[in-house]
Each structure stands twice: as C-alpha cells, then as structure tokens.
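I opened this entry to follow a few side chains through the model and to note what each of them meets.

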Amino acid sequence: MERSKLSLVQSVGCGVLVLDGQGQVTFANDAARALLGLDEATPLPCFPCPGTLPVEALLRGEVVAGEEISCRLADGSCRILSLNGAPLRDAGGTIVGGVIDFNDVTEKSRAREELRRSEGHMRRLIGGLDE
C-alpha cells in the first residue's frame with residue numbers, strides 16, 4: 001500500500017482489513033490489530049473468527065453494512081463487531097478483493113439486551129397490576 005494511503009488507513013479509529021481475491025487478509029491497520037488482540041508479530045492472514053467475515057458477499061460484488069458478528073479472541077473474550085465492507089475493483093472493474101471496517105460494539109449490544117430484558121420484566125409487572 002502506498003505511503004499516503006497507509007497513513008490515512010492507520011489514522012482512522014476503526015479496524016480496517018484488506019482482503020485479496022481469495023478472501024485472505026493481506027492488511028490490518030493498528031486499530032484492527034488492537035480490537036482483535038493481535039500484536040505486530042501475529043502474521044497475516046490471521047483473523048481470529050474464521051468463517052464470520054462476509055468474504056463471499058464482497059467477492060460477489062455486494063456491499064455489507066452494519067452486519068454484527070460474534071468473535072472469540074485469543075484471550076478467550078467474546079466481542080461483538082459491527083462490520084461494513086465493499087469489494088475492491090481494478091481499473092477494468094474486476095473484483096480483486098475487499099475492504100472491511102469494523103468497530104467493537106460489545107458494550108452497546110449488551111446494553112441493548114439488558115434494556116430488552118428490563119422492558120420485558122416491567123411489562124410483566126405492569127400486566128400483573130391489571131389483574
């Protein structure tokens with residue numbers, strides 16, 4: 001990746017993965033490595049959640065937006081990641097890979113689930129008052 005593009009991709013706060021035409025990870029920015037618990041010594045292609053990336057969709061030319069996946073990291077923790085992705089095309093329009101950006105939404109997801117449980121509990125309590 002040329003220096004100016006690399007600098008741009010490294011400066012964003014979300015994780016960025018670049019995939020080749022076979023769906024293998026060829027680049028992970030520093031934020032991606034941090035979010036996934038990968039250090040600089042971890043070789044690519046290494047994504048700790050095999051089978052969860054929307055690789056097939058990207059390589060078919062589809063755009064992915066807001067897809068959430070569950071990912072167990074090397075340290076045993078489970079994270080919820082929100083993904084966006086798009087195919088990468090060469091000058092002739094042929095798909096040559098894909099790019100995925102992602103954020104850790106684990107806490108947001110847990111808060112949503114807790115809110116759902118609380119709402120259900122409150123409905124049951126209120127429903128009991130009507131009887």
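I began with the side chain of N29, where a polar atom lies 3.1 Å from the backbone oxygen of C14; I took a polar contact as a pair of N or O atoms within 3.5 Å, where within protein one must be able to donate a hydrogen and the other to accept it, and residues adjacent in sequence count only if both atoms are side-chain atoms. The model is predicted, so local features need pLDDT of at least 70 and side-chain atom pairs pLDDT 80 or more, while totals for chains, interfaces and linings use all residues. Residues are numbered from 1 along each chain as its sequence is written, and side-chain values use heavy atoms, without hydrogens and water.

I then looked up the burial of N29, which counts as buried at 0% relative accessibility, and that of C14, also buried at 17% (buried is under 20% relative accessible area, exposed over 50%, partly exposed in between, with a 1.4 Å probe and protein chains only).

Next I searched for disulfides, meaning cysteine sulfur pairs within 2.5 Å, and the count came to zero. For C78, the nearest cysteine sulfur is that of C71, 7.4 Å away.

Finally I counted two salt bridges, defined by a side-chain nitrogen of Lys or Arg within 4 Å of a carboxyl oxygen of Asp or Glu. In one, E62 pairs with R60, with the closest N and O atoms 2.9 Å apart; E62 is partly exposed at 35%, whereas R60 is exposed at 55%. In the other, R79 pairs with D104 at 2.8 Å between the closest N and O atoms.
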